Amino acid sequence: MASTVTTPAGRARGTLRASLAEQRGSRGDLVFRAVLTIAAAAVPALLAVLLMELVRGSELAISRFGLRFITDSIWDPVAERFGAWPLLAGTLLSSLLALCIAVPLSLGVAIYLTEFAPRAVRQPVAFVIQLLAAIPSVVYGLWGIFVLIPLLRTTLFPLLRGALGFLPLFQGPIYGPSMLTAGIILAIMVMPYIISVSREVLLAVPGSQREAALGLGATRWEAVRTAILPYARSGLIGAVILGLGRALGETMAVTMVIGNRNDVSASLFAPGYTMAAAIANEFSEAVKDIHLSALAYVALLLFVVTVLVNAGARLLIWRVARGAGAGSGAL
Amino acid sequence: MTPLTTSALPSPVPAASLTTTSEPPRLRTDKLTAMYGKSTAVSGVTLGFPANQVHALIGPSGCGKSTFLRCLNRTHELSDGGWITGRVLLDEEDVYDARVSAMVLRRRIGMVFQRPTPFPTMSVYDNVAAGLRAGVRLRRGETDEIVERALRQAALWDEVKDRLRGSAMALSGGQQQRLCIARTIAPAPEVVLLDEPTSALDPQGTQRIEEVVVELKGDFTIVIVTHNMQQAARTSDTTTFFYLGTMVETGATRQIFTAPRNEQTEAYITGRFG
Ligand SMILES: Nc1ncnc2c1ncn2[C@@H]1O[C@H](COP(=O)(O)OP(=O)(O)O)[C@@H](O)[C@H]1O
Ligand SMILES: [Mg+2]
C-alpha cells in the first residue's frame, strides 16, 4: 500500500514530527516551570494573605485602642479593656534571657566540637544535639513543670537571690513558674539550633586560616579568637538570629512554665506572660468580638515584631559581612 | 637567643653531628621520618640548613616536600594522624623535646603558605601585627615601627602605606602573599619556611616574591619549597632534591644544577620526569 512506502518526503515528515514531540517535551518544561513558579510565589502570597487576615481580624481592636494597645498594661476581657504591653515585654524579655543563656553556651559547644573535641566524639555529639531539636515543645514544657521548676526553686533561684539579691532583678518571692524559668527553658530549646548552625559555619572556615594563625605561634584559643571567629562572624550572627526567631514564637513550653500572669515585673522570679502564650490560652475561650479582635491584634503585633527582628538581623549580617565576605555563605 | 625550653640549659652539641662547616647549621634534621597514621611521607632525612642562606627543596609533586617543611616548625603534628621519628634541631636544640612549646617554636620558625592566607576581617596593618604577642605589651609607636619595617622588607610598604587601615582583601594576590610574608617576619623569627609561595601567582607577582626572598636572607634563614626549577636556581644557595619521600641529593645550587651526582636528580632537573 502506498501509505506504507517510506518516501524521502515521508521520512522528512517523520523527522518533523519527532521534533514536534521534542517541542512537546519543552512544553513539559514550561509546565514544570510554571508549577515551580506558582509554588515559589505561593509563599509570599500566603504571607500577604496572613497579614491581611490579621489586619482584618484586629480591625475592631485597632479602631478601639489604636497604638495605645502597645503601651497599655491592662488586659481585662470583662471590662473590655485590652493592652498588650506586658505580653510584648514578656515576649521580648524571655527571648532576650534565652539568648543571654544560650548564645555563650552554644558557641562554646560549637567551638569545642569543631576545634577541641577528640575526633571520635565530634560526630556522635553533633548528632545527639540535632536530635534535641526534634523533641516536641510540649515535652519540654512537661519536663519544665516536673523537673526544671522544682529544681530551680530549691537550688538556683535561692542561690541567685542570695548572691545577687541587691539587684531588683533577683528580688521578691520565688514561686517557680517565672520569667527566668521561661528564659531557661527557651535557652535549652534554641541551643540545638544555634549549636548546629554555628558548627556548620565553623566547619566551613578554611583550614588555611587556622594554620595561618597557628603558624604565627598562636595557641588553639588564640587561633579561634583571631582567625576562626572573625572569619565566621556573619554566619554565627545568623545562627543566633535563627535561635531568636525560634524563641520569639515558641508557645507551648513557655505557656507551661512562665506563670501566665499579665504583669511586668522588675524581678525575673515573678511570673509573666508572652504574646504567643496569651493567644494560645485565650483564643478558645474568647467569646466577645472585641476579645477575639484584641487577640488578633496581639498576633499582628507578634508578626510585626518577628519581621522587624529578622529584618534588623539581616541588616546586621549584611553590614558585618560587607568587606569581609566570609562565612555568610553558610546562611 | 631565647631558649625553647623553660630550663635555660644549652643542649650539648654532639661532636659527631657537626658538619664539615665550622659552624653548626641553624636548623637541621636528623633521620627525620614523617608519618600520616601508618603511611610514610618522608623517611630518614638528615639535612642541615646553615644560617642566612636560601635553601630550596625541589622534587616532583607528592614526594614529601611540604610534609618535611611542616615537620620543621611542628605544624605536621596538626594534620590528622601526623607524627614523626627522628629529630629536628634549631640551634642544636631538639624542637620535639617534651619541654619545648610548639607555640614558642613557631614564633621562631615562621611559615608562608602556598596560597595567600590574609585574615579577611583584618586591615592590612592588623594582619601584619597579628603575630605580635598580645602578652608582650608594645607601645603604639613600637608596633607602628615593626609593621613598617616588616612591610618594607616584604617590598610592600610603598604600595600599601596609604591604605594600612583598608581591608587586606582589597590587595592583589601577589600583594596578599607579600603581606603574608610581612606578617610572618614581623615577630622576627630566625627561620622562614615558604611552601611554594608563588604557585598561585602571576609572573610579576612571582618575580617580586623571589626578589624579596633573596633580600630576606640577610636577616633570616630561609627554606623554600618550589616545583619551579628556575626559581630554585635563581633564588637559592643550596638545593635539595626529594624523591618518593627520601632525600636524593643535596648540595650547592650551582653544583646541583650543573653537575648533579645522582641520575634521578639529573633526570628531574633536565625535565625528563616530574
Ligand atoms: N593530610 C594528609 N594525610 C595523609 N596523607 C597525606 C597528607 N598530606 C600529604 N599526604 C601524603 O604524603 C605524601 C607527601 O605529600 P606532600 O608532603 O604534600 O608532598 P609535596 O609537597 O612534595 O607535593 C603524599 O603521598 C601525600 O599523599
Ligand atoms: Mg606541597
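This report describes the sheets, helix packing, ligand shell and chain contact of a predicted model.

Residues are numbered from 1 along each chain as its sequence is written, while chains are lettered from A and ligands numbered from 1 in the order in which they are written. Because the model is predicted, local features need pLDDT of at least 70 and side-chain atom pairs count only at pLDDT 80 or more, whereas totals for chains, interfaces and linings use all residues.

**Sheets of chain B**

Helices (H or I, at least four residues) and strands (E, at least two) are DSSP runs, numbered from the N terminus. Two strands pair if DSSP finds at least two bridges between them.

An open sheet of six strands in chain B runs in the order β6-β7-β8-β3-β9-β10, and its pairing is mixed. Strands β6 and β10 (246-252) of chain B are at the edges with a single partner strand each, so one side of each has no neighbour in the sheet. From one strand to the next, the twist averages 15°; angles run from 0 to 180 degrees between N-to-C directions, and axes are lines fitted to C-alpha atoms, for helices over the stretch in contact. Within this sheet, L57(B) stands opposite V225(B) in β8(B).

Another open sheet of chain B has four strands, in the order β2-β1-β4-β5, with antiparallel pairing. Its edge strands, β2 and β5 (93-94) of chain B, each pair on one side only. β1(B) and β2(B) form a hairpin with two residues between them, and G37(B) in the turn has a positive phi of about 60°.

| Strand | Partner strand | Sense | Bridges |
|---|---|---|---|
| β3(B), residues 54-58 | β8(B), residues 221-225 | parallel | four bridges |
| β1(B), residues 27-36 | β2(B), residues 39-49 | antiparallel | seven bridges |

**Helices on the sheets**

Two residues are in contact if their C-beta atoms, placed from the backbone, lie within 7 Å. α1(B) packs on the six-stranded sheet, touching β3, β6, β7 (191-195), β8 and β9 (238-243) of chain B, and its direction makes about 155° with that of β8(B). α1(B) also lies across β1, β2 and β4 (82-90) of chain B, running at about 120° to β1(B). Helix α7(B) lies across β3, β7 and β8 of chain B and runs at about 150° to β8(B).

**Helix pairs**

Two packed helices are described by the angle between their axes and the distance between the axes. In chain B, the axes of α6 (residues 173-185) and α7 (residues 203-216) come within 9 Å and cross at roughly 20°. That makes α6(B) roughly parallel to α7(B); angles under 35 degrees count as roughly parallel, over 145 as roughly antiparallel, 65 to 115 as roughly perpendicular and the rest as oblique. The crossing of α6(B) and α7(B) is right-handed. A crossing is left-handed if the near helix is turned anticlockwise from the far one by less than a right angle, and right-handed if clockwise. Residues G173(B), G174(B), Q177(B), R178(B), I181(B) and I185(B) of α6(B) meet Q204(B), G205(B), R208(B), I209(B), V212(B) and L216(B) of α7(B). This contact has five nonpolar, five polar and two charged residues; Ala, Val, Leu, Ile, Met, Phe, Trp, Tyr, Cys and Pro count as nonpolar, Asp, Glu, Lys and Arg as charged, and the others, Gly among them, as polar.

In chain A, helices α4 (residues 119-132) and α7 (residues 179-203) pack at an angle of about 140°, with their axes 8 Å apart. α4(A) and α7(A) are therefore oblique to each other, and α4(A) passes α7(A) in a left-handed crossing. A126(A), I129(A), Q130(A) and L132(A) of α4(A) make the contact with P192(A), I195(A), S196(A) and R199(A) of α7(A). By class, the contact has five nonpolar, two polar and one charged residues.

**Ligand 1**

The shell around ligand 1 consists of Y36(B), A41(B), G59(B), S61(B), G62(B), C63(B), G64(B), K65(B), S66(B), T67(B), S79(B) and D80(B); a residue is near a molecule if its C-beta atom, placed from the backbone, lies within 6 Å of it. Helix α1 (residues 65-72) of chain B supplies the largest share of the shell, three residues. By class, the shell has three nonpolar, seven polar and two charged residues.

**Contact between chains A and B**

The contact takes 18 residues from chain B and 17 residues from chain A. On the side of chain B that touches chain A, the elements giving two or more residues are α2 (102-108) and β6 (109-112) of chain B. α2(B) gives the most, with four residues. That side of chain B has nine nonpolar, six polar and three charged residues.
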